[in-house]
Every structure is written in structure tokens, then in C-alpha cells.
Amino acid sequence: MTSRTRVWVLAISTPVIAFALIGGYLGQAMTRDDTYQHLRVFEDVVSLVLNNYVEEVDVKKAMKGAMNGLADNLDSDSAFLPPALASAYESSSAAGPADVGLELSRQYYLRVVSARDGSPAAKAGLRTGDFIRAIDKRSTKDISVYEVTAFCTDSRARRSRSS
């Protein structure tokens with residue numbers, strides 16, 4: 001390679017390499033600021049609540065509420081599941097003898113998407129579009145679809161064992 005070719009290669013590659021390095025660094029810095037800006041706001045709110053709330057705050061309960069709120073506001077099918085509920089839900093993916101035959105979604109309260117023909121839910125008169133406002137006197141506005149599924153399965157299983 002001649003010295004003139006080397007100079008051209010160096011003259012062209014140096015700005016390209018510098019652009020890539022500087023652009024990559026600035027891109028990471030800008031992304032980092034945008035991504036964690038909301039976490040800084042969250043940290044400020046948590047700090048204000050812990051330091052200024054009238055009563056002592058149960059931090060675990062507050063964090064659980066924050067995680068529920070985050071997942072709840074994604075869409076009607078998203079929910080935060082505590083580890084025990086998540087493992088129970090994953091282990092019982094197939095419908096068993098305690099299945100009530102409902103497909104649900106959340107629209108402030110739980111709403112029936114469908115009730116399978118011949119299922120306990122259909123026999124009880126639940127139909128597509130119905131709202132379920134309470135289960136065992138507990139409002140469903142703060143319950144995820146996954147919690148209801150686990151609750152119904154667990155309570156029906158308890159009833160069948162006690163019979």
C-alpha cells in the first residue's frame with residue numbers, strides 16, 4: 001500500500017471511528033437519563049412519603065401497591081403477581097376439576113368475556129358482558145384476573161374436599 005493510500009484510509013477512517021465512539025457515548029448518556037428519570041421521581045415520592053407521612057409507612061405494602069399500580073396501568077390483562085401466586089398460576093395452567101368455566105378481563109371491575117357452556121359459571125347464570133363486582137364480599141376493582149382464577153380454583157377445591 002502506498003503512503004498516499006494510507007493517508008486517505010487514515011483521513012477517512014479517523015472521523016468515522018470518532019463519530020461512532022462519540023455518538024455511542026452520547027447515545028448511552030441520553031438513554032440513561034431518559035430511562036432513569038422516572039425512577040428518580042419515584043424515589044423522590046417514596047422519600048417524601050417515608051419522611052413526611054403522618055403515620056409510619058409499611059414499606060413492603062407500599063412497594064406492593066406501587067408494583068400493582070404499574071402493572072395495572074399497562075392494559076386490562078396485565079397484573080403484578082407475588083411470587084407465591086405466580087408459581088401457583090404457572091403450575092395450574094390446565095383447567096382442572098375446580099375450573100369454574102369463565103374467561104375474565106378487567107374493566108374497573110371484573111368483566112365476563114365468556115362462560116363455557118355447561119360450566120358452573122354458565123349454570124349460575126353468568127353471561128358475556130356481565131360485571132362481577134364482589135367475590136365473598138371483597139370488591140373486585142382491586143383484584144387481578146389471575147388472583148380471581150387462583151381464588152376460585154382454591155375455594156372450589158376446598159369445597160370439594162370438605163364434601
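# Briefing: a hairpin, its sheet and the core beside it

The secondary structure of this protein comes to five helices and five strands, where helices (H or I, at least four residues) and strands (E, at least two) are DSSP runs numbered from the N terminus. This is a predicted model, in which local features need pLDDT of at least 70, side-chain atom pairs count only at pLDDT 80 or more, and totals for chains, interfaces and linings use all residues. Residues are numbered from 1 along each chain as its sequence is written, and side-chain values use heavy atoms, with hydrogens and water left out. Along the sequence, the elements follow the pattern α-α-α-β-β-α-β-β-β-α.

**How confident is the model?**

- The average pLDDT (the predictor's confidence in each residue, from 0 to 100) is 77 for the protein, and 80% of the residues score at least 70.
- Confidence is highest in β3, at a mean of 88, and lowest in α5, at 56.
- Please read residues 155–163 with this in mind: their pLDDT is below 50, and beyond near neighbours in sequence the stretch has six contacts in the model. Contact here means heavy atoms within 4.5 Å.

**The sheet**

- Three strands form an open sheet in the order β1-β2-β3, with antiparallel pairing; two strands pair if DSSP finds at least two bridges between them.
- The edge strands are β1 and β3 (131–132), each pairing on one side only.
- Six bridges hold the antiparallel pair of β1 (residues 102–107) and β2 (residues 109–115), and within this pair Glu 103 stands opposite Ser 114.
- β1 and β2 make a hairpin with one residue between them, and Tyr 108 in the turn has a positive phi of about 70°.

**The nonpolar core**

- The largest nonpolar core has twelve residues in all: Val 100, Leu 102, Leu 104, Leu 110, Val 112, Ala 115, Ala 121, Ile 132, Ile 135, Ile 143, Val 145 and Val 148. Such a core is a set of buried Ala, Val, Leu, Ile, Met, Phe, Trp, Tyr and Cys residues joined through side-chain atoms within 4.5 Å.
- Two or more core residues come from each of β1, β2 and α5 (145–162), and β2 gives the largest share, three residues.
- Val 112, a member of this core, touches Leu 102, Glu 103, Leu 104, Arg 127, Thr 128, Gly 129, Asp 130 and Ile 132, leaving aside residues up to four places away in sequence.
- Across the protein, buried residues make up 15% of the 163 residues. Buried means under 20% relative accessible area, exposed over 50%, and partly exposed in between (1.4 Å probe, protein chains only).

**The salt bridge**

- A search of the whole structure finds one salt bridge, defined as a side-chain nitrogen of Lys or Arg within 4 Å of a carboxyl oxygen of Asp or Glu.
- The partners are Glu 103 and Arg 116, whose closest N and O atoms are 3.5 Å apart.
- This pair links distant parts of the chain, 13 residues apart: Glu 103 is in strand β1, and Arg 116 is in the loop between β2 and α4.
- Glu 103 has a relative accessible area of 41%, so it counts as partly exposed; Arg 116, at 36%, is also partly exposed.
- In general, side chains of opposite charge can pair when their charged atoms come close.

- Ser 119 is found in the loop between β2 and α4 (120–123) and counts as buried because its relative accessibility is 8%.
- The side chain of Ser 119 reaches the backbone oxygen of Arg 116 at 2.7 Å. Not counting residues up to four places away in sequence, Ser 119 touches Val 100 and Gly 101.
- Ser 105 lies in strand β1 and, at 11% relative accessibility, counts as buried.
- With residues up to four places away in sequence left out, the contacts of Ser 105 are Asp 77, Leu 110, Arg 111, Val 113 and Val 145.
- Lys 123 sits in helix α4 and counts as exposed, because its relative accessibility is 70%.
- From C-alpha to C-alpha, Lys 123 and Gly 101 are 9.9 Å apart in space, and they are 22 residues apart in sequence.

Key
A polar contact is a pair of N or O atoms within 3.5 Å; within protein, one must be able to donate a hydrogen and the other to accept it, and residues adjacent in sequence count only if both atoms are side-chain atoms.
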